[in-house]
Amino acid sequence: MLKDYIFRPKYKELSFEGEFACELQFVLPFAYWHYKNGTLKSTSAPKYTKELYFFSPQHTEEFDIRTEPGNKNFEMPRVLYSQDYNMSKWLPVPLKDVYKNDIYIYDKPIVIIANRYNMEWDGPPVSFYSIELLEFIISSLTSKYTIIYNRPRPEQITMDNSEVYDLKEYEWLKINHPEVILMEDLYRENEGKANNFNHLQFMVYANASKFISIHGGTATLASYFGGTNLIFSRKGPEHHFKCFQKLYPQFSGAKILHAKTDEEVRNYVNEFFV
C-alpha cells in the first residue's frame with residue numbers, strides 16, 4: 001500500500017512463465033499499471049515478448065517454454081478466472097497505438113482470420129476453423145476485405161504444453177484461395193523489419209479492425225486491437241466466468257462476438273462482416 005500509493009519507488013519486479021492468454025489477460029495489464037504508476041522496475045517473460053513489454057524499463061526474455069503451472073503466479077491480480085473483473089491494478093495496454101504503421105495497408109480493409117489447431121485439455125482440437133468453415137468465411141468476405149490468414153507454426157512462437165497439429169489448410173489455401181495473404185509470408189518478406197513473429201503480428205493487427213479468432217491466446221491478442229472480434233469457442237472456463245462479456249472488451253473496447261457452433265460463426269459473419 002505504501003509503495004504503490006504513497007512513496008512510489010520503482011520497486012516492482014515482475015516475472016511470468018505461464019501461457020500466452022493468461023499473460024495477456026492479467027500480467028501485461030498489471031505490469032502496465034505499475035509502469036503508469038511509476039513503480040515498475042523490471043519484467044521477465046518467455047521468448048519473443050520484448051515488444052509486448054515495450055514500456056518496461058528493463059525486460060528480459062528468460063523462459064524458452066511456457067508452462068501451465070506458471071499460470072498460478074498469485075502475485076498477479078486475478079491471474080486465474082474470476083467472476084469479478086473490477087481490478088484496481090489493471091490497465092489496458094495500447095498495442096494498437098504503438099504498432100500502427102503505414103506499411104501493412106491495402107486497397108480493401110483488412111480482416112484477420114486467426115486460427116489454431118492444437119491439443120486441448122490433453123485431447124484432440126475442439127475449437128478451430130475447419131477447411132469447410134474457412135471456405136464459407138473466405139468466400140463470403142473476399143470481395144470486400146483483404147483477408148490475412150494467421151496460424152503460427154511452433155517454431156515461430158514460444159510454445160506451451162499444447163501439441164500443434166497439421167490442419168493442412170495452407171496447401172488448400174494456396175490452391176483454392178491464392179488471394180488470401182498468409183501471415184507467415186509477410187514475415188518471410190518482413191517489409192516492416194519485425195524482430196520476431198510476435199512483433200509482426202502486432203504491426204499487422206494494429207492496421208486491422210476486423211478479427212475472426214479462436215479462444216485462448218489467439219482471441220486474447222486480437223481483442224487488444226479494437227474493432228470487432230468474432231471468437232469461436234465451443235467450451236472452456238471462459239464460458240462459465242463470462243470472460244468474453246466481462247473481460248475481453250476491456251482490452252481495447254473491442255466488440256466481442258462469441259460463437260459456440262459452426263452455425264453461429266456463419267450467422268455472425270453474415271451479420272457483422274458481410
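This is a predicted model: local features need pLDDT of at least 70, side-chain atom pairs count only at pLDDT 80 or more; totals for chains, interfaces and linings use all residues.
E4 and E7 run parallel and are joined by four bridges. Ile113 also has a counterpart, Ile212 in E7.

Next I looked at the other pairing of E7, with E8. Here I count five bridges, again in the parallel sense. Ser213 sits opposite Ile231 in E8.

Then I zoomed out to the whole sheet. How many strands form the sheet, and in what order? I find six, arranged E6-E5-E4-E7-E8-E9, in an open sheet with parallel pairing. Strand E6 (181–182) and strand E9 (255–259) are at the edges; each has a single partner strand, so one side of each has no neighbour in the sheet. A reminder to myself: strands of a sheet pair through backbone hydrogen bonds.

Back to E7, to check burial. Are its residues buried or exposed? Five of its five residues are buried, so I call the strand mostly covered, taking under 20% relative accessible area as buried. I sorted them by face: Lys210, Ile212 and Ile214 lie on one side, Phe211 and Ser213 on the other, and both faces are covered.

Now for what lies over the strands. Helix H7 (residues 197–206) goes across E4, E5 and E7, and its angle to E5 is about 155°.

I moved on to helix H4 (residues 131–141). Which of its residues are buried? I list Leu133, Leu134, Ile137, Ile138 and Leu141. Looking down the axis of H4, I see these buried residues within an arc of 125°, so they line one face of the helix. The spacing makes sense to me, because an α-helix has 3.6 residues a turn and residues three or four places apart point the same way.

What covers that buried set? My list includes strands E4 (110–114), E5 (146–150), E7 (210–214) and E8 (228–232), along with helices H5 (169–176) and H11 (262–273).

I followed H11 up. H4 and H11 pack with their axes 11 Å apart, at an angle of about 10°. That makes H4 roughly parallel to H11, since angles under 35 degrees count that way. From H4, Glu132, Leu133, Phe136, Ile137, Ser140 and Leu141 take part; they meet Asp262, Val265, Arg266, Val269, Asn270 and Phe273 in H11. By class I get seven nonpolar, two polar and three charged residues in this contact.

Key
Residues are numbered from 1 along each chain as its sequence is written. Side-chain values use heavy atoms; hydrogens and water are left out. Buried means under 20% relative accessible area, exposed over 50%, partly exposed in between (1.4 Å probe, protein chains only). Helices (H or I, at least four residues) and strands (E, at least two) are DSSP runs, numbered from the N terminus. The arc is that of the directions from the helix axis to the C-beta atoms. Contact means heavy atoms within 4.5 Å. Two strands pair if DSSP finds at least two bridges between them. Axes are lines fitted to C-alpha atoms, for helices over the stretch in contact, and angles run from 0 to 180 degrees between N-to-C directions. Angles under 35 degrees count as roughly parallel, over 145 as roughly antiparallel, 65 to 115 as roughly perpendicular and the rest as oblique. Ala, Val, Leu, Ile, Met, Phe, Trp, Tyr, Cys and Pro count as nonpolar, Asp, Glu, Lys and Arg as charged, and the others, Gly among them, as polar.
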